[in-house]
Amino acid sequence: MATLPHSPAALTGPKASDLLRSSSSGISGIPLRTLGRKQLAGSSSRARDLSIVAKVRKVKKHEYPWPDDPDPNVKGGVLSHLSHFKPMKERPKPVTLDFEKPLVDLERKIIDVRKMANDTGLDFTDQIVSLENKYQQALKDLYTHLTPIQRVNIARHPNRPTFLDHVFSITEKFVELHGDRAGYDDPAIVTGIGTIDGKRYMFMGHQKGRNTKENIMRNFGMPTPHGYRKALRMMYYADHHGFPIVTFIDTPGAFADLKSEELGQGEAIAHNLRTMFGLKVPIISIVIGEGGSGGALAIGCANKLLMLENAVFYVASPEACAAILWKTAKASPKAAEKLKITANELCKLQICDGIIPEPLGGAHADPSWTSQQIKKAIIESMDELTKLDTENLLKHRNLKFRKLGGFQEGIPIDPKRKVNMKKKEESVSGKIPVIELENEVEKVKKQIFKAMESSADNKPSELALDEMITKLKREVDLEFSEAINSIGLGDRISMLREEFRKSNSEQQLMHPSLMDKIEKLKNEFDQGLSTAPNYGNLKYKLDMLNEFSKVKMNEKLKEIIMGRPERKEKIEELKAEIQKLRASGIENPDRETKERIGRMKREIDVELANDLKSLGFDVEVVKPSTKQDDEQVSLPELKAKVETLKEETNKKIEDAINSPHIKNMIQLLKVEVAKAGTTPDPTARNKIEALENQIKQRVAAAVSSPDLKEKHVQLSVEVSKTVESLGGLDGTFKDADQNNNGSPHDDSRVEINYGANRVSSLNGHF
């Protein structure tokens, strides 16, 4: 400050306005400080009375967003953008998704080979080129056959370019505008004016963070009501000045905390929706990541909705949908497929108006190229929309949303839309009438008989047979469903199905009473099936299905038995040997002949059994009884049979114990014993005893299987015969050939146990 004495002399001289004049006012080349010193140098006393004090406030230099040379093309620098967003100093760490791990393995191999080439000095060019070609092919195959849930993961990739990344890549100038003029600036929504090819646009979009710190600051791209009101203010601003609007959608949804609801989150979104339908400027919305629910739609009511190739747009996330419908978020892949949230599916439904391509590997693989594709799409769409006048522009925007999901009775559906509609699931009422089905069955039977009589190619009859079996299976399933509902077991089966799924999960053990419930419900269904109104139709269709299935099975067996030339030769050789033996009139052939015939038959049986087992048939080799056994059995062989039966019994017991049901019961028994402690109360003791009895019964049921019983009875007979006919020290059986009047060809035979294709619909529910 300056202190002047109150004397007339102090007020003489030039005026202050003259002293502070600039060089343009007539004083040139003389600094202002010199002028002041010259006027004050008249008297030493006056100089001592006058003092000038100046204090300059020191502030921290704000380097950004005021760079020294923001535009290198203009000398001196011109401020081309105004935003706190700036490039990251460090490159983001690479993130590998689960389905990309095979590509990472190939990359490591390429790096290892290059390192080996550098270390050894050898030429591995061919190997490196081969691996790189293999990598590119694997990358192409992977990203051209992505599943919906994989596209969701790419849309959520942490390194995926954000709204501001794209804006600064496609605009020449961009000025960010802040605040909703109501006291807050939501960082989750960014707005601003930018230019593309010299044309001004109003940009607004959801902004996610590029690291943890930014994500916390941006609230992970989930706006509050302040963000939507800021966007609303910019919409009014753009509409007033005639700026076309471009919105970028990338949010999981609006922030749904208590504070946001108190501040009117729903009202803010609804206000935006209403306003966007009345704006008189073109609007384009681009989904660059994930667009979730109303939080995305609040800035997405546009004339054109474009999507990046790997972006998703949904009303509820796959995880939320799976948690609601299937009670677990692990079903999110199934939910993502059913929701139809990818760009291709939404284009078919006419919700999305265009797909912007991405490079292989996603937008984060080449952000600059992706931004240029977005720029091209904006320019093309704006050129199309700017040709419309205001009335047609508003009508265009209104009709885009009015046509979604709109149906009216009595008016035929547009064929283009009908193609994209989901096909109706066939209900029970869509059954084929029995009379019509009988006519089709008779036609197929005639075709089969004609094919059997003629030696021509029977492929048409096979196709007709397969088609009829498929149709009958469908009809049987529909009849079973109708029967279940008519008996009144539909709700109980649904409840039991859910209980079975829960008990079958990894987190929860199956309760031992669940199998009893299932068995009880099956018995109840079997007892009440005959009372169902459609039982007659069900029985007829089931009989037809069994009949055609047997025909199909016989055709397969004929093909298996006579399909191989070497087996056919063996069968013909065996027939010739038997015919020769019968022609000779010998009733009791010698041992060598019997062994040769038996050996030939066993070879055929073993080959046939192996082929049938490979096709999934249940094959059982039935051996002759002891009375028909023509070979002498030694005592060591009998001991070996006893040991084999013992091992087989132990194996059955071990398999029974390791079965899921008994294993769960044992685990429950351990839990009950641990809970009861050393002195269990009566209730705990009863539970433990009940579980022990159930385990014993199930193990006993597994051990007392028909095959083990038969083998045990057969071995008992052999042991008794051995005791009766044991003679000499060699321990061999007496020759029983003289007492054996059976056929010389009674050897082991193969029996094939195949049931009809009747599979109870009740079993299919578990």
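**Cores and charged pairs**

R156 is partly exposed, with 30% of relative accessible area; that label covers values between buried (under 20%) and exposed (over 50%), using a 1.4 Å probe and protein chains only. Keep in mind that this is a predicted model, where local features need pLDDT of at least 70, side-chain atom pairs count only at pLDDT 80 or more, and totals for chains, interfaces and linings use all residues. Residues are numbered from 1 along each chain as its sequence is written, and side-chain values use heavy atoms, with hydrogens and water left out.

Let's see what R156 pairs with. Its partner in a salt bridge is E319, with the closest N and O atoms 3.0 Å apart; the term means a side-chain nitrogen of Lys or Arg within 4 Å of a carboxyl oxygen of Asp or Glu. E319 is partly exposed too, at 26% relative accessibility. The structure holds 17 salt bridges.

Another one joins E290 and K208, at 3.1 Å from N to O. Both E290 and K208 are buried. R210 and E214 also meet in a salt bridge, at 2.8 Å. Here R210 is buried at 16%, and E214 counts as buried at 19%. Through shared partners, salt bridges connect R156, K208, D250, E290 and E319 into one network.

Now turn to the nonpolar residues. The largest nonpolar core has 55 residues, and F203, I245, F248, I286 and I378 have the most contacts inside it. Such a core is a set of buried Ala, Val, Leu, Ile, Met, Phe, Trp, Tyr and Cys residues joined through side-chain atoms within 4.5 Å. Apart from this core lies another, of 29 residues, including L465 and M544.
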